[in-house]
Structures are given as structure tokens and as C-alpha cells.
Amino acid sequence: MEKTFAPRTDLSKYDNSWYQPGGGIKRLLWYICGRVFINTYLPIPMSLKALVLRLFGARIGHHVTIKPKVNIKYPWFLTIEDYVWIGEHVWIDNLTDVRLGKNVCLSQGAMLLTGNHDFTSTTFDLITRPIVLEDGAWIGAKSVVAPGVTVHSHAVLAVNSVATKDLKAYSIYRGNPAEFIKTRVFKK
């Protein structure tokens, strides 16, 4: 083992007691209901899924589609506007606010991650930052949106890409980290 006097990570001193996402009973009830109604392969009607999410504080618009096996950490930090599609195995790890604008598409296996850790801190402190997906944004299958990112209007994050910074409107991004590829142009 290398001897050094440089600071080192010490997870024994990790403390995120400042982070209070909701009471223990509320989180336990959500865990159970989320597994039964949202994160399941059971053919639950979309109207029932929306009702359950609303009961836990989510703001859900009209004509929202949530496919099977979607994992939503805390619905009380979630806003979904009209005509949003959420594909199978999407993970919305919303330790803080996530807002999905109108006509947003999250393809299969996409991940929205609002939390991370401060790697410059020896105690690996928790960091949370909101995510915003503006109207018409499309997050490709198996792609990741990092904490604090805004995906502006009608931007696209291509399959298996990682957005670590804001994506400009009507632009297509690809890679890890995602880089601008070209402008998104619609056919008439």
C-alpha cells in the first residue's frame, strides 16, 4: 500500500442527515405502492398509475403513458406535463425536483439522476440538483441525464449517451459525455 499524506475518502464520516425527502412512513408507503402499481409488470391501467402518483404528491398532466417497471424515487418531487411517454425500465432517481414538459419522451432504460457525491470531500457528501426536460425533449434508450441538467426544448439525447451539461434547444447530442452532433430539423 502506498504511503501518502494526501487526504483520503473516509466513508465512516459520511452524514446526509440534512437530507429529509419525506417522513419515514410516507417513504415506506410509497415504496410499497410504487412496487405494486408503478414498478411492476402487472397490467395496471394508466389512470390508476396517475391516481397513485397524484396521491403521493406528483403533478401529472393529461394523456401521460407510463410503461411497466418504471422506478420513481419520490413522486412528491415529480412534475409531468401533458402527452409524456415514459418507457419500460426508466429510472427517475429524483432526490429533488424533476420536471418533464409537454410531449417529452423517455425511452427504455433511460435514467434521470438528481443526486451525486462530492468527490472533493473526504466525507463524500451528497449533492442534489434538479433536472428539467423542456417540451418535446427526447431521452434515448439507456441514456443518462446527470444532476442539474436542463434539456432544452426539443433537444435529443441519443441512445446510450450521458448528458452532464445542458443540451441546447433543437439539437441532437450523442456520446459520453454527450456532444453536439447536429440540429434537429422536423419534416413538414
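**Group meeting: a first look at the chain**

The protein chain carries 23 positive and 14 negative side chains, with the centres of the two sets 7 Å apart; Lys and Arg count as positive, Asp and Glu as negative, while His and the chain ends are not counted, and each charge is placed at NZ of Lys, CZ of Arg, CG of Asp or CD of Glu. What we have here is a predicted model, in which local features need pLDDT of at least 70 and side-chain atom pairs count only at pLDDT 80 or more, whereas totals for chains, interfaces and linings use all residues. Residues are numbered from 1 along each chain as its sequence is written, and side-chain values use heavy atoms, leaving out hydrogens and water.

Let me turn to helix H2, residues 46-55, where Lys 49, Ala 50, Val 52 and Leu 53 are buried, meaning under 20% relative accessible area, with exposed meaning over 50% (1.4 Å probe, protein chains only). Seen down the axis of H2, these buried residues fall within an arc of 160°, so they line one face of the helix, the arc being that of the directions from the helix axis to the C-beta atoms. The face turned away from that buried side carries the exposed residues Ser 47 and Leu 55. Just after H2, Gly 57 takes a positive phi of about 100°.

Note on methods
Helix = DSSP H or I, 4+ residues; strand = E, 2+ residues; numbered from the N terminus.
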